[in-house]
Each structure stands twice: as structure tokens, then as C-alpha cells.
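Colleague: I have not looked at this one before. Can you put it on screen and take me through it?

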Amino acid sequence: MRAKEFIAEDRNNLSPTAKSALSRMVVMPDMDMFYEYYRFMTMTAGEPEEKIPPTGKLRDNPVALPYTDAEMTMIKNAASRMGRKVSEITDSGRELDGTNTTSPVSKPKKNRYGI
């Protein structure tokens, strides 16, 4: 048995049961399912206080996050052999200033004997 034989919905019509079970639903057929949808949901989450731009610096650009200098060299060499450019938009990851400055674990308390 094929799925289309027992699934009543097609791409544009939901069954009456599905329509009654779902709350409000919108479809955006001209939006791509990846970056545009991500940006759309980011913009939606920021409404109405934040006016987030519809595109960002990384739109349609593959991203690699090398952890070590050796990995960065590997990425640059591979890109060079393919005739591609690599643009670093961050120099290197560093911990934030407040990282590991205070312990989340309380200091051990001494008992009345000082132990």
C-alpha cells in the first residue's frame, strides 16, 4: 500500500479533521526552508521591540569553525586548491572576561573543630 492511498491531505488541502485540530496556520510558499525561514523566525521572535534586519552577514555563505591553527591551515589550503577565498570574520575564540573567575560551587565550611 502506498502512502498516498491512505493519506487524505495533499500539499494545498488539509482534511477537515486536520483543519479542526490545528490552530491558526499560515503557509509561506515563496520562502526557502533554510536561511530565509531562520531569519523570518528570528525577526518574529524580536517583534515588536527589536527591528532585526531581514538578512545577515552570513547569508548564503558556508561557514567553518576551525578550533585549532592546524584546522585553519587545512581549511585555507583546501579553499586555495579549489580557487576559493576564505574570509575570517573573527580572529580567534577567547573566553569572556568573567569566565572561571568565580566558582559556582560554594567553599567547604569548617566545623566547630576547624576541620
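Modeller: This is a predicted model, where local features need pLDDT of at least 70, side-chain atom pairs count only at pLDDT 80 or more, and totals for chains, interfaces and linings use all residues. Residues are numbered from 1 along each chain as its sequence is written, and side-chain values use heavy atoms, with hydrogens and water left out.

Colleague: Fine. How many salt bridges does the structure hold?

Modeller: Two salt bridges, where the term means a side-chain nitrogen of Lys or Arg within 4 Å of a carboxyl oxygen of Asp or Glu. In one of them Lys51 pairs with Glu47, with 3.3 Å between the closest N and O atoms. The side chains of Glu88 and Lys76 form a salt bridge too, at 3.3 Å from N to O.

Colleague: Which parts does the pair of Glu88 and Lys76 tie together?

Modeller: Lys76 is in helix 4 and Glu88 in the segment after helix 4, so the pair links parts twelve residues apart in sequence. Helices (H or I, at least four residues) and strands (E, at least two) are DSSP runs, numbered from the N terminus.

Colleague: And is Lys51 buried or exposed?

Modeller: Lys51 is exposed, at a relative accessible area of 62%. The cut-offs are under 20% relative accessible area for buried, over 50% for exposed and partly exposed in between, using a 1.4 Å probe and protein chains only.

Colleague: What about the overall pattern of the chain?

Modeller: The pattern is α-α-α-α along the sequence, with four helices and zero strands. Buried residues account for 6% of the 115 residues. Of the contacts between residues at least 6 apart in sequence, 9% join residues at least 24 apart; a contact means heavy atoms within 4.5 Å.

Colleague: Back to helix 4. What does it reach from its first C-alpha to its last?

Modeller: Helix 4 covers residues 69–81, 13 residues, and reaches 18 Å, close to the 18 Å expected at 1.5 Å a residue. That expected span is 1.5 Å times one less than the number of residues. Just after helix 4, Gly83 has a positive phi of about 75°.

Colleague: Which residue other than glycine has a positive phi?

Modeller: Asn100 is one, with phi near 60°. Asn100 sits in the segment after helix 4 and is exposed at 74% relative accessibility. Most residues other than glycine have a negative phi, and most peptide bonds are trans.

Colleague: Where is there a cis peptide bond?

Modeller: From Glu47 to Pro48, with omega near -10°. Pro48 is in the loop between helix 3 and helix 4.

Colleague: Now pockets. What volume does the largest pocket have?

Modeller: About 880 Å³. On a 1 Å grid over the protein atoms alone, a pocket is an open set of points where a 1.4 Å probe fits, with protein on both sides within 12 Å along at least five of seven lines; lining residues have an atom within 4 Å of a point. The volume is the space filled by probe spheres set on the points, which are joined across faces, edges and corners.

Colleague: Which residues lie nearest its centre?

Modeller: Ala64, Leu65, Pro66, Ser87 and Glu88, out of 22 lining residues. Pro66 is in the loop between helix 3 (35–46) and helix 4. Leaving aside neighbours within four places in sequence, Pro66 is in contact with Glu71, Met72 and Ile75.
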